[in-house]
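Subject: Structure handover

Hello,

I am passing on the structure below. Please look it over before reading the notes that come after it.

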Amino acid sequence: MTEIEKKTGMTDAECEYWDNYYTENTFEPGPNLLKLGIKPGFANNTLLLSDLDKEVAEYLRTQARIFHRSQAQVINALVHEKLAVGV
């Protein structure tokens, strides 16, 4: 058993395969923020809206910009409004 097999539990051929695979195929652990228009350094101020409808996401961005609030604050206000009405 080689040193790599001891450390990884994989053969040299398996290690080589996965090394080549991740070298040739980009791994993205989450949504590509640059493709969503989020600049580096601003991700912490941006709610990831990938699961929302396009219209809803645009509404949140617009409301946040108009009222100088974060998108999370806009969502909180909408939910509190619904809670107050009793819906």
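Predicted model: local features only at pLDDT ≥ 70, side-chain atom pairs only at ≥ 80, totals over all residues.

Residues are numbered from 1 along each chain as its sequence is written, and side-chain values use heavy atoms, with hydrogens and water left out.

The protein chain has an average pLDDT (the predictor's confidence in each residue, from 0 to 100) of 81, and 82% of the residues score at least 70. Among its elements, the mean pLDDT is lowest in helix 1 (residues 3-8), at 79, and highest in helix 4 (residues 71-85), at 90. Helices here are DSSP runs of H or I with at least four residues, numbered from the N terminus.

The structure holds 5 aromatic pairs. Rings of Phe, Tyr and Trp (its six-membered ring) pair if their centres lie within 6.5 Å; planes under 30 degrees apart count as stacked, over 60 as edge-to-face and the rest as tilted. Tyr-17 and Trp-18 make an edge-to-face pair, 4.9 Å centre to centre with 75° between the planes. Tyr-17 also pairs with Tyr-21, stacked at 6.3 Å centre to centre and 25° between the planes. Those two tyrosines, Tyr-17 and Tyr-21, are 4 residues apart in helix 2, so about one helical turn separates them.

Tyr-17, Trp-18, Tyr-21 and Tyr-22 form one aromatic cluster.

Regards
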